[in-house]
Each structure stands twice: as C-alpha cells, then as structure tokens.
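Reader: I would like to go through this model label by label. For each term, I want the value, the cut-off and the conclusion.

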Amino acid sequence: MRIAEHIAALEEDGLRLAEAAGRAGLDAHVPTCPGWQVRDLLHHVSGVHRWARAHVTTGRRLPYSTTEEAEFFAAVDDDELLDRFREGHRALVDALAAADESVECWTFLPAPSPLAFWARRQAHETAVHRADADSAVSTVPYWDPPFAADGIDELLGGFFGRPGGRLVADPPLSMALVPTDVDARWTTYIEPAGHRLVAGEMPAQLTVTGPASELYLLLWNRGGTERLELRGEAAVLDLWRTRATITWS
C-alpha cells in the first residue's frame with residue numbers, strides 16, 4: 001500500500017473509533033481488552049497518536065524515555081477525553097499528510113522510509129483499536145482485503161519477525177493462512193528459537209481459510225473463528241492466542 005492509502009485508512013478508522021466510543025460511553029467494558037473500559041482505550045490510543053506524531057514532526061532519531069512518554073499520555077477529565085482523542089488523531093493525520101517523504105526519524109520495524117513506517121504502523125494501530133471500540137458496542141469492523149492483508153503482513157513479518165519474544169513452541173507448530181479475497185498467503189512456523197515466516201501456502205498443522213478481514217482480526221486476537229474454516233490441529237491456534245501478543249513497552 002502507498003503512504004497516502006495508509007493515511008486515509010488511519011483517518012477513517014480513527015473516526016470510526018471515536019464514533020463507537022461515543023456510543024458505548026466511557027464506562028463500557030471492552031471485551032477484546034479484558035480489564036479495560038472505553039476510557040482506558042481512548043487514553044491509550046490518544047497517547048500513542050501524540051507519541052507517533054512527535055517522532056515525525058521533530059525528526060527525533062532516538063526513542064522517548066519512559067519519563068518523556070508520560071507527557072503524551074497525560075490524564076484528562078472524562079468530559080475532555082473524547083475530544084482529546086479526536087484532536088490527537090486529527091493532528092497525527094495532518095502531520096503525516098504534510099510530512100516530507102524524506103523525513104528522518106526513529107522507527108522500530110523495517111520499512112521503505114520512516115514516513116512509510118509511521119503511516120503504516122499508525123493505520124494498523126488505529127484499526128486494531130477501532131475493533132476494540134466496536135467490541136464495546138457489539139459490532140465487528142470490516143476492512144478491504146488489501147488493507148487487511150497488509151496488516152497481517154506487518155504483524156507476521158514485522159512484529160514477529162524480530163528476534164526474541166514469547167512466540168515459541170517445542171515441539172514446533174505451523175499454521176498456514178489463506179485469505180479467500182486477496183492474492184496473498186502466509187505460512188508461519190513457531191519453533192523453539194522463535195517465529196519463522198514463509199510467503200505462500202505450505203503444508204501446515206493448521207490451515208485457516210477465510211476473508212482477509214477476519215484473518216486480520218483473528219491474528220490480532222480481536223476475533224473468533226466463526227467466519228473462518230479451520231483444517232488441522234486447533235492446538236496451534238490455542239498457542240497463538242496465548243503467546244502472540246503485542247503490548248506497549
């Protein structure tokens with residue numbers, strides 16, 4: 001996907017997140033994030049948007065310290081929280097749209113450029129948390145297949161392409177992912193030393209087939225298997241749900 005497409009997706013999903021949060025109310029529980037209420041979700045995403053924008057607008061070459069990050073996640077009164085989210089989201093969209101494509105700043109996943117990284121990362125950050133907001137009003141989002149496939153690729157090849165982490169298994173396990181509405185396939189191998197990804201559909205202990213949007217939700221642990229076809233060992237998915245987690249650090 002192009003940078004402009006990621007920015008457009010970020011804009012759309014941020015609007016949808018705010019809409020769902022407003023309908024749910026701040027006290028509503030977020031089923032996809034056990035222990036969170038909608039106020040926690042808005043506080044988190046609002047802070048992330050400000051944190052991401054700061055890297056792009058300042059050209060910062062190093063990550064912020066924990067103390068510095070606290071400024072982006074400053075607490076506000078409940079009656080200001082939704083507006084704060086909307087303001088931070090709008091500022092991030094505008095900053096990415098206005099940024100020079102040659103901008104240099106810190107990143108943490110491979111990308112063609114820092115701007116491409118931040119546009120893609122914040123598009124998917126916001127999309128996944130839009131799913132959280134939707135869960136608070138008992139709805140399920142849908143994304144166009146190319147965007148969902150892009151998010152799957154970022155998760156498998158980006159986040160889980162890094163060394164270390166909890167996504168390991170001994171004996172090894174494997175899972176093939178087969179979207180029915182876009183020309184993309186992945187086979188992920190969960191091994192004692194970590195995660196390995198192969199582009200394409202290979203023989204695997206579990207094959208999961210269905211719309212890319214549903215696979216995206218499943219892999220981010222935001223959706224179930226009701227609209228997917230599973231062939232093979234369900235234990236692979238059980239391990240994925242407990243070990244394939246992304247947390248703020």
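**Labels and their grounds**

Author: Start with L215, which sits in helix α7, residues 212-219. The model is predicted, as for everything that follows.

Reader: Why is L215 called buried?

Author: Buried means under 20% relative accessible area. L215 has a relative accessible area of 0%, so the label buried applies.

Reader: Which residues is L215 in contact with, leaving aside neighbours within four places in sequence?

Author: The partners of L215 are I152, L177, V178, P179, V208, G210 and L228. Contact here means heavy atoms within 4.5 Å. A149 is 66 residues from L215 in sequence, and the two C-alpha atoms are 8.5 Å apart in space.

Reader: What makes α7 largely enclosed by the rest of the structure?

Author: Of the 8 residues of α7, 8 are buried, so the helix is largely enclosed by the rest of the structure. Those buried residues are A212, S213, E214, L215, Y216, L217, L218 and L219. They pack against α5, α6, β1 (173-179), β4 (206-210) and α8 (235-243).

Reader: What follows α7?

Author: N221 follows α7, and its phi is positive, near 55°. G223 lies in the loop between α7 and β5 (229-232).

Reader: Why does G223 count as partly exposed?

Author: G223 has 24% relative accessibility, so it counts as partly exposed. Leaving aside neighbours within four places in sequence, G223 is in contact with L217, L218 and R241. D170 is 53 residues from G223 in sequence and 26 Å from it in space, C-alpha to C-alpha.

Reader: Now the helix pairs. Why are α2 and α5 called roughly antiparallel?

Author: Angles over 145 degrees count as roughly antiparallel. The axes of α2 and α5 cross at roughly 175° and come within 11 Å. The two helices are therefore roughly antiparallel to each other.

Reader: Which residues of α2 and α5 meet?

Author: From α2 come L41, H44, V45, V48, H49, W51, A52, H55 and V56. They meet W118, Q122, E125, T126, H129, D132 and A133 in α5. By class, the residues of this contact are 8 nonpolar, 6 polar and 2 charged.

Reader: How do the axes of α5 and α6 cross?

Author: The axes of α5 (residues 114-135) and α6 (residues 145-158) cross at roughly 105° and come within 11 Å. The range 65 to 115 degrees counts as roughly perpendicular. So α5 is roughly perpendicular to α6. In α5, R120, R121, A123, H124 and A127 meet F147, D150, G151, D153 and E154 in α6. This contact divides into 3 nonpolar, 2 polar and 5 charged residues.

Reader: On to empty space. How do you know where it is left?

Author: A probe the size of a water molecule is rolled over the atoms, and that shows where empty space is left. In the largest pocket, that space is about 1000 Å³.

Reader: What lines the largest pocket?

Author: The lining has 39 residues, and F159, T245, I246, T247 and W248 lie nearest the centre of the pocket. By class, the lining has 20 nonpolar, 12 polar and 7 charged residues. α2 (38-58), α5 and β3 (194-199) each supply at least two residues. α5 gives the most, with 5 residues.

Reader: What is the volume of the second largest pocket, and which residues line it?

Author: The volume of the second largest pocket is about 220 Å³. Its lining residues are M1, E5, A8, A9, E12, D13, R130, Y142, W143, D144, P146 and F147. They divide into 7 nonpolar, no polar and 5 charged. α1 (3-24) and α6 each supply at least two residues. α1 gives the most to this lining, with 5 residues.

Reader: How many cavities of 30 Å³ or more does the whole structure have?

Author: The search finds 1 cavity of 30 Å³ or more. A cavity, unlike an open pocket, is a place where a 1.4 Å probe fits but cannot get out. The largest cavity holds about 40 Å³ of space.

Reader: What lines the largest cavity?

Author: The lining is L109, P110, A111, A116, F117, R120, R121 and E154. α5 supplies the largest share, 4 residues. By class, the lining has 5 nonpolar, no polar and 3 charged residues.

Key
Residues numbered from 1 in each chain as written. Predicted model: local features only at pLDDT ≥ 70, side-chain atom pairs only at ≥ 80, totals over all residues. Heavy atoms only, no water. Axes fitted to C-alpha atoms, helices over the stretch in contact; angles between N-to-C directions. Parallel < 35°, antiparallel > 145°, perpendicular 65-115°, else oblique. Nonpolar A, V, L, I, M, F, W, Y, C, P; charged D, E, K, R; others polar. 1 Å grid on protein atoms, 1.4 Å probe; cavity = no way out; pocket = protein on both sides within 12 Å on 5 of 7 lines; lining within 4 Å. Points joined across faces, edges and corners; volume = space filled by probe spheres on them. Buried < 20%, exposed > 50% of the residue type's maximum accessible area, 1.4 Å probe, protein only.
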